[in-house]
Amino acid sequence: MSITLYNTATRRKEPFTPLDPNNVRMYVCGPTVYDRAHLGNARPVLIFDVLYRLLRHEYGADAVTYVRNFTDVDDRINETAQKRKQAGATGSLEDLIRERSDETIGWYHADMDALGALRPTHEPRATEYIDQMIAMSQQLINDGFAYAKDGHVLFRVRKYDDYGKLSGRSVDDMIAGARVEVAPYKEDPMDFVLWKPSDDDLPGWDSPWGRGRPGWHIECSAMADELLWKLPREKGLLSQEALAHPHTFDIHGGGNDLTFPHHENEIAQSKCVHQGSEYAQVWMHNEMLQVEGKKMSKSLGNFFTVRDLLDQGVPGEVIRFVMLSTHYRKPMDWTETKANIAELKLLEWHSEIKTHARLEDVNANCVSNEIVEALSNDLDTHNALKHLDDQVKTAGNASEKYQQLANDMQFLGLLSREMFSATGFFWVDADSLLSTDEQQLIAELIDARSTAKALKDFQRADEIREILLSAGVTLTDSRGGTTYKVEGVFDPSKLEALE
Ligand code: AMP
Ligand code: ZN
């Protein structure tokens, strides 16, 4: 089946042809890790997760490389670290900054895992690619596309003729419309920062222009090139066709709030530093999640976090369902009514699957053609969900239809342990991050605990629960049985304490 995707760069839907079908390469701009992700931040994660699943289905699970970065150079991270230092926290400012980023990345993983998003192949942190950013900036200076002034390095926007092409604006329109900063170190107000100086209270790295830190745009250009071009090329993974398009990969994604200036700047600096490169062939942008017609954002204060919803008891699959029910190129609102309808639907589907299908046989690879077809049409998730709904309505007692429903839901990341337990079922999800051996070990311990409880040996039952907890496994008992969750990292060595 051929996949068609809307390309922001050409403003039309196009058949998707990767440069190398054995090595499909995608980059998506990830979060700035200064605080919990709000619900809007989850939209690109879920949209590009569906695309990732579709590409893996079409080209093979090992044939797709998905990179999503963590921006861990940011004034808001620094602020938190400085506050902690003033409040007496021990460690250097760098340590405290790292601590804040680690903490935020941990939350991000927990929240996005709960939404059923697969982890990307690589999740680079900007601070681990500073050398590459310095090298790119230096090259741009050498070639006349950038200049250094007062500890800053700036990109000469007027040197790149196609600037504004992605977002369809002229440089003059952009100056009129955007809040471009006029500064004494700039030749032209449109020029943007590749490098800026850091004073002693800020994190910094040594560079030819003094101690400083990178600008945001150069981070993505450097990480994308490193992980989607240099690394696979060095490993000898790229086909002749891919090698004939140097420094170029297939898909670049992000929210449409990033089209200008972030993506425009990424293109300008990447194409100028690597002459002949196309950077990304397809540009995909999701529309915004809104609150009463306005973009949900931290700065407007009109936000709630993914964690807020999960803590209120909204299952991750419900959030996922609501998000996928609107096409990614349309703005959408989160409403309680939508969440309630999604929850009822998912509970009904789980209960039907429980009655009619065999969970042991669920296989996401056997997803139905209709689902693949809908998603291949520029990720029509709305129609994919509608297809599932129609299937349930006409399934009657036909068990194979429910088996198919289960396969399709597994493919879309909508099968849920919690929902099976809510309908009185115990099931360890096949997509779990644990190996089969680890799953079996946990299942045996849960059985041993049930036996201990049945024998009224509560001390033993509690001991098993405590030890599992120390290994990162939390148990939940309900009418239907016991389910478990792994929070953070599973540490099987802790289980050795059990005799
Ligand atoms: P940030 O951490 O603000 O750079 O955002 C991380 C990702 O979330 C980017 O791809 C943004 O485009 C996206 N994003 C931010 N706000 C929203 C929103 N309200 N709706 C959809 N996507 C958003
Ligand atoms: Zn980016």
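**Ground rules.** I'm working with a predicted model, where local features need pLDDT of at least 70, side-chain atom pairs count only at pLDDT 80 or more, and totals for chains, interfaces and linings use all residues. Residues are numbered from 1 along each chain as written, chains are lettered from A and ligands numbered from 1 in the order written, and side-chain values use heavy atoms, leaving out hydrogens and water.

**Ligand 1.** I looked up who sits around ligand 1 and got 19 residues, with G40, G255, D257, L289 and M296 coming nearest. A residue makes that list if one of its heavy atoms lies within 4 Å of the ligand. By class, I noted seven nonpolar, eight polar and four charged residues in the shell. Here Ala, Val, Leu, Ile, Met, Phe, Trp, Tyr, Cys and Pro count as nonpolar, Asp, Glu, Lys and Arg as charged, and the others, Gly among them, as polar.

Next I checked polar contacts (pairs of N or O atoms within 3.5 Å; within protein, one must be able to donate a hydrogen and the other to accept it, and residues adjacent in sequence count only if both atoms are side-chain atoms). A nitrogen atom of ligand 1 is 2.7 Å from a polar backbone atom of L289, and a nitrogen atom is 2.9 Å from one of M296. The protein buries 88% of the 490 Å² that ligand 1 exposes when taken alone. Those areas come from the Shrake-Rupley method with a 1.4 Å probe; for residues, only the protein chains shown count as cover.

**Helix α1.** Which element gives the shell its largest share? That's α1, with four residues. Helices are DSSP runs of H or I with at least four residues, and strands are runs of E with at least two, numbered from the N terminus. I found 16 of the 21 residues of α1 buried, so the helix is largely enclosed by the rest of the structure. Buried means under 20% relative accessible area, exposed over 50%, and partly exposed in between (1.4 Å probe, protein chains only). Just after α1, G60 takes a positive phi of about 105°.

**T259.** I placed T259 in helix α8 (residues 259-273). At 10% relative accessibility, T259 counts as buried. Its side chain reaches the backbone oxygen of N256 at 3.0 Å.

**P124.** I found P124 in the loop between α3 (93-114) and α4 (130-142). Buried or exposed? At 4% relative accessibility, P124 counts as buried. P124 and V67 are 57 residues apart in sequence, yet 7.6 Å apart in space, C-alpha to C-alpha.
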